[in-house]
Amino acid sequence: MSATPFKLMDMYRDLIAIPSISSTEPSWDQSNEKVIRLLADWFSQLGFAVEVTELEDAPGKFNLVATHGEGDGGLLLAGHTDTVPYDEGRWTKDPFKLTEENGRLYGLGVIDMKGFFAFIIEALKDMDLSKFTKPIRILATADEETSMAGARAIASAMAIKPDYAVIGEPTGLVPVMMHKGHMSEGIRITGKSGHSSDPANGVNALEIMHKVMGRLLDLQGQLKKKYHNPHFNVPYPTLNLGHISGGDSPNRICACCELSFDMRPIPGVPPEELMGLLHHALEPIKQEHPNTMDIFHLHEPNPPFSTDTEGELVQAAADISGHSAQAVNYSTEAPYINQLGCQTIVLGPGNIAQAHQPDEYLDLSFVKPTLDIIQGLVSRFCLEQK
Ligand SMILES: [Zn+2]
């Protein structure tokens, strides 16, 4: 096979043309294997050693680690290969056909974030990798948009130990040094139905849930008082009541009621701590109404993320990008990558406002600065002896 003469737009087109949607809705969910195999082929041609791993918990979903150089340390450039589903009928373009129009590139995943891999290769192809004094690694993960299973697997395997990691999510090329976590929780109250004419005939789940909601609102206030991080516009962990359902008829005692809500922990407040406060807040209701309450995760909690704000990576990214590092409100794989023991930032082309939207696009004005920033960071952390 002859080597591909890598061209940014060709790589972009090929990545966008391969659907790799992940979704908790099985009819939407797809394997990311073809994207991973394509990246494996490209990075092999660049002289990287590639390792493709199928996720134990998610058959048909794959991670890729491509390595150039020996040993631990060095720089990791990371991203996810899956995209969200697209709203049928709301795209004015084909989501799987790269379309260039009015200085923009349209397609599903152009900024979130398959396109980042095209940028990495474009940035590296003209660099003399044989001169690198530190290893460079590329990580491409599965299922970031759903369970973060790919990043979780990388964190638990601990097979790579970079010094620095950059995740190329669309931050508008502003380095991101912290974000909140995200937790989706459910509470189910199981009472006992009965004729409404006599309350003693049953156990009313709605009445118990009413007490639960009172406690949750108290907790909401406590979180605001107890914790503070001035980097965020909303500087405390939030708790939002999101959905409730229960009961069926005015003349029946409600036997079951379910509430779902989310919490967003700030850095330094692990999800376990908020779960502890939650259980503590609800304990009196459990005592009063034994065996009626189940508390459960709607999905595994995603921890908050922060990196060493005075570290070399934050400094270098600020110097090279021309933007000081910020805190953001969305969640990424950064807390898992951070568990590898590296300094970690999120920094990539495109604006988050255009992600998860119909007609997702990359403004072409990002192309040159993105390549400059990747080359700058690679030079800084792989070429110079520190
Ligand atoms: Zn993303």
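Biologist: How do you know that helix 6 lies across strand 9, strand 11 and strand 12?

Modeller: Contact here means heavy atoms within 4.5 Å. Helix 6 (residues 271-288) lies across strand 9, strand 11 (256-264) and strand 12, and runs at about 170° to strand 12. Such an angle is taken between N-to-C directions, from 0 to 180 degrees, with axes as lines fitted to C-alpha atoms, for helices over the stretch in contact. A word on the source: this is a predicted model, in which local features need pLDDT of at least 70, side-chain atom pairs count only at pLDDT 80 or more, and totals for chains, interfaces and linings use all residues. Residues are numbered from 1 along each chain as its sequence is written, and side-chain values use heavy atoms, with hydrogens and water left out.

Biologist: What makes a stretch a helix or a strand?

Modeller: Both are DSSP runs, numbered from the N terminus: helices are H or I with at least four residues, and strands are E with at least two.

Biologist: Why are strand 9 and strand 12 called paired?

Modeller: Two strands pair if DSSP finds at least two bridges between them. Strand 9 (residues 183-190) and strand 12 have 5 bridges, in the antiparallel sense, so they count as a pair. One place to look is Ile 187, which stands opposite Ile 295 in strand 12.

Biologist: In what order do the 4 strands of that open sheet stand?

Modeller: The order is 10-11-9-12, with antiparallel pairing. Strand 10 (238-246) and strand 12 (293-297) each have a single partner strand, so one side of each lacks a neighbour in the sheet, and they stand at the edges. On average, neighbouring strands of this sheet are turned by 20° against each other, direction ignored.

Biologist: What puts strand 4 and strand 16 at the edges of their sheet?

Modeller: This open sheet of 3 strands has the order 4-5-16 and antiparallel pairing. Strand 4 (99-101) and strand 16 (361-363) have a single partner strand each, so one side of each is left without a neighbour. Strand 4 is joined to strand 5 (residues 104-106) by 3 bridges, and Glu 101 has Arg 104 as its bridge partner in strand 5.

Biologist: What makes you call strand 2 mostly covered?

Modeller: Buried means under 20% relative accessible area (exposed is over 50%, partly exposed in between, with a 1.4 Å probe and protein chains only). In strand 2 (residues 62-68), 7 of its 7 residues are buried. Phe 62, Leu 64, Ala 66 and His 68 point one way, while Asn 63, Val 65 and Thr 67 point the other way. In a regular strand, side chains alternate between the two faces of the sheet.

Biologist: Which strands pair with strand 2?

Modeller: Strand 1 (residues 49-54) pairs with strand 2 over 6 bridges in the antiparallel sense, and Val 52 stands opposite Leu 64. Strand 6 (residues 136-141) is joined to strand 2 by 5 bridges and runs antiparallel to strand 2; there Ile 136 is the bridge partner of His 68.

Biologist: What makes a space a cavity or a pocket?

Modeller: On a 1 Å grid over the protein atoms alone, a cavity is a set of points where a 1.4 Å probe fits but cannot get out. A pocket is an open set with protein on both sides within 12 Å along at least five of seven lines, and lining residues have an atom within 4 Å of a point. Grid points are joined across faces, edges and corners, and a volume is the space filled by probe spheres set on the points. The search of the whole structure finds 1 cavity of 30 Å³ or more, and the largest cavity holds about 50 Å³. The largest pocket has a volume of about 460 Å³. Among the 21 residues lining the largest pocket, Thr 53, Asn 63, Ala 153, Ile 154 and Ala 157 are the closest to its centre, and helix 4 gives the most to the lining, with 6 residues.
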